[in-house]
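Here are some notes to read alongside the structure. Take the points in turn, and keep the 3D view open while you do.

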Amino acid sequence: MQTLPNSSTIIRDVLPNGLRVLIYETPHTHSVVISGSIEAGSMFESPEKSGMVSMLSSSLMRGTRKYDFNTLHNTLEDMGANLGMSSGVHKIGFHGKALAEDLPVLLELLGEALRHPTFPADEVERLRGERLTWLNYRLQDTGWLTARSIREGLYPPSHPYHYASTGTLETIPNITLDDIKAYHATHFGAQDMILVIVGAIDTAQALACVRQYFADWDNPYQPQPTPLPELNSHPPRDERIKVAGKSQSDLIIATLGPSRFAKDYHAAVVANGVLGQFGMMGRIGEIVREREGMAYHVSSRVDGGYGPGAWRIVAGVHPDNVDKTIALCRKELEKLVSEPVTEDELRDFQSYTTGRLPLQLETNEGIANSIHTMEGYGYGLDYLMNYRQMIYAITAEDAQKATQQYIHPDNLVIAVAGA
Amino acid sequence: MSQVTHYTLPNGLTVLLKEIHTAPVISMWTLYRIGSRNERTGTTGASHWVEHMMFKGTKKYPAGILDGLIDRVGGQWNAFTSHDSTMYYETLPAEHIDLALDLESDRMTNALFDPEETESERTVILSERRGSENQPTFWLREEVRTTAFKVHGYHHEIIGDVHDLTTMTRDQLYAHYQHHYTPANAVLVMAGAFKTDDIRQKIDAYYGHIPNRTKPNLFSRPEPAQLGERRVLVERPIKTAFVMVSYRAPEGTHPDWLALSVLDSVLSGAGGSIDNKTSRLYGALVKSEICASMGGNLSETIDPYLYTFSMTLRDGHTHQEAETILLAELDKICQDGITSKELTRAKKQARANFAYETESITNQAYGLAQSSALGDHTWHDTYLARLESITTDDVLDVARRYLVPQNRIVGWLIPTG
């Protein structure tokens, strides 16, 4: 029977070059997942070249010193495996999956892609064209437009969170091959890299394999992570974006929430669970969907990561119901700030979020994501074991204090896009 | 692969049990053999709306109470309606399985369909449909499908037509529920950390008392033969152009279906967790920079459905260019077939995807439920073994018989800015 991964079952090793390796065996499965990150996110890129790191991360799998595009992808697809890259403000992420016996090949390809990409000019140009098509399409995507408006409303232009990591129609053409190559040469390295391996593998063999492909990776130019700029309170904002041909309006109501490092992060998560998660999407689901019948989807979430994220309510409603929905949600935010959640609500969400841990750890992906979270945010490898105690220690007053810290119902950033 | 216990209760309820002891979790799925394909004009969307009403309470579990029950014990639950069936599932810590058994057996016969709740849900469902309509490709998919199916129930959206969603009454919905939600029209699937003998006793206790009612006659009209290629144009105020090309495909249990799945793997990729960057159509359409992306879709369905290729055009390229290149690739495969290397790879990819998908207990239970919907509960578990028997000749044969112009429906989504 499965027990929660913890410091005695997760093997953690730090290579001399700073690479942190975490391995967890799941012998009952047939596959292996590798997941991790390096400290090379888009926070260093300039606004006029927004999207450069995202283009770089997409280009990593387009050709390497040893493998051209076709050989790289044939190798992966022949063995029924995948390996993909992603990018954010802080980190470049990677994720791969294969049958367990193919782990050595998967790690070799990861090493090739991260360390020795060749950025073939024709492949980068092809990617650029695909990105421009995608961005053109997104300009009529009401969900994407509201998310952009919220980002720009919460964060000033001096903050890296202001910008879409995907870039824009204006910035993608500005990015040169030299920009991409120079950024890779400077920012990619093993210092503070995290590599999580979960699957039906042997720990010693997996570690030996990691050493083979990564132990000699040193980049003396790799910069230290830069702290995010200080954030002042954002001004209230209400942007309405008309988009032709739409039947429904997408709506986001947001405020600045905590980072994952904030002491009250978990208290905010509990308050948010009551607001828009538990049962049929919490209090706002009960009112906007169940009582008023105005929306198919309405929920709330706390997006905090390495920096302060949005605490947001998201809904899709008929254009005639936009203002009524905003008023109802604002009222619920006021209530959450002015009154502690009830003991029943608190217990319900505590039971929900602790009880579902085994479900989140059903798959190798789920376990790998949890281990990466524990390592990345410095929670310690017994975080899952301690999670229940930590969540049950949160009181209604703690949740209310967190709410009062972050939610100011008269100072919301609102975005609506649609008909 | 764990053994599946298969039996039927005296009241007609089919039960499938699969013990898996890798996590302290049970996933329970309840399948009703009723989907949008069985709906008549005027009540399209009834199956999906009934699914929503199943969350609106019974006398024992009123709406407000029901919402938090599974969440409170750390479980997850949801439901979905397809063309072919309606499924409800709960995945939860094993010690709470009685809760799932109690509420599902209760709402099999005791859902209230309160008139006020029904009206409130009408606008929720219209909102759900409008959310889909916001995606431009929704209109293209809908037009291609309604062009393909003029008689069969696959012609309408699962969510239903706006007119029917506006006019359908509570009594029509309740009749739909009463007619189709009976033990003899249902399958109960359970996978996870239980002992089969113990769980059988529980199932008897929760479901044994539900009366045996006549198995409903499911409304269905076969689609007449298509007499030539069909084409449809859709205009939307967008900037990106799309092409969709569908061919009629056989039902999921047809012997040809597996060979078509191999054909699709070679043409547009294995799907699931595996990328498609070395598939033939990626090379012809995306690497050639005509399209920004492409994909293929072959779904397993009860009745013959569609095998569909979708393409997103890059700026400066025409619908005709993409269509011509696609058809040339299809002609080529109809001439020369696939190589033995491509066949070997498609089989390995299927094995890998199967291994990935079955890691989750929820997915294992779903596989059994979906197989039961097709009428063969072994369909999923025997998939790989059956796939092994497919040859390159089988693939060439199905390509030549199915990828013909008389079987084709072409849709262009024209951007109007």
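Predicted model: local features only at pLDDT ≥ 70, side-chain atom pairs only at ≥ 80, totals over all residues.

1. **Domains of chain A.** For chain A, the assignment gives domain 1 as 11–214 and domain 2 as 237–418. Between the C-alpha centres of these two domains of chain A there are 28 Å.

2. Domain 1 of chain A puts 28 residues into the contact, and domain 2 of chain A puts in 30. On the domain 1 side, at least two residues each come from β2 (20–25), β3 (31–38), α5 (142–154) and β6 (194–199) of chain A. Which of them gives the most? That would be α5(A), with nine residues. Sorted by class, this side of domain 1 has twelve nonpolar, 14 polar and two charged residues.

3. **Where chain A meets chain B.** Now for the chains themselves: 57 residues of chain A and 52 residues of chain B take part in their contact. Several elements of chain A supply at least two residues each to its side, including α2 (69–78), β5 (92–99), α9 (278–291) and β10 (310–317). The element that gives the most there is α4(A), with eight residues. The class count for the chain A side is 19 nonpolar, 28 polar and ten charged.

4. **A helix pair in chain A.** Two packed helices are described by the angle between their axes and the distance between the axes. If you want to find the contact on screen, look for M52(A), V53(A), M55(A), L56(A) and S59(A) on α1(A), and for D179(A), I180(A), Y183(A) and H184(A) on α6(A). Six of these contact residues are nonpolar, two are polar and one is charged.

5. **A helix pair in chain B.** Here the helices are α9 (residues 255–268) and α15 (residues 392–402) of chain B, whose axes come within 9 Å and cross at roughly 95 degrees. So α9(B) and α15(B) are roughly perpendicular to each other. From α9(B), the contact uses D256(B), A259(B), L260(B), V262(B) and L263(B), while α15(B) brings D394(B), V395(B), V398(B), A399(B) and Y402(B). What classes do these residues fall into? Eight are nonpolar, none is polar and two are charged.

6. **The sheet in chain B.** Six strands of chain B make an open sheet with mixed pairing, in the order β1-β2-β6-β3-β5-β4. At the edges sit β1 (4–8) and β4 of chain B, each of which pairs on one side only. From one strand to the next, the twist averages 15 degrees.

7. **Strand β5 of chain B.** Follow the sheet along to β5(B), and you'll see that it is antiparallel to strand β3 (residues 25–32) of chain B, with eight bridges between them. In this pairing, I26(B) has L92(B) as its bridge partner. β5(B) also pairs with β4(B) in the antiparallel sense, over six bridges, and there F80(B) partners M87(B). Four residues make up the hairpin link from β4(B) to β5(B). Is β5(B) largely enclosed or largely open? Eight of its eight residues are buried, so β5(B) is largely enclosed by the rest of the structure.

8. **The helix lying on that sheet.** Across β4 and β5 of chain B lies α1(B), which runs at about 160 degrees to β4(B). This helix (residues 46–53) is mostly covered, with seven of its eight residues buried. Among the buried ones are H48(B), W49(B) and E51(B). The cover over these buried residues of α1(B) includes β4 (76–81), β5 (86–93), α4 (115–133) and α7 (170–180) of chain B.

Conventions: Residues numbered from 1 in each chain as written. Chains lettered and ligands numbered in written order. Axes fitted to C-alpha atoms, helices over the stretch in contact; angles between N-to-C directions. Parallel < 35°, antiparallel > 145°, perpendicular 65-115°, else oblique. Contact = placed C-beta atoms within 7 Å. Nonpolar A, V, L, I, M, F, W, Y, C, P; charged D, E, K, R; others polar. Buried ≥ 20, exposed ≤ 12 C-beta atoms within 10 Å, placed from the backbone. Pairing = 2+ DSSP bridges. Domains from an automatic or database assignment.
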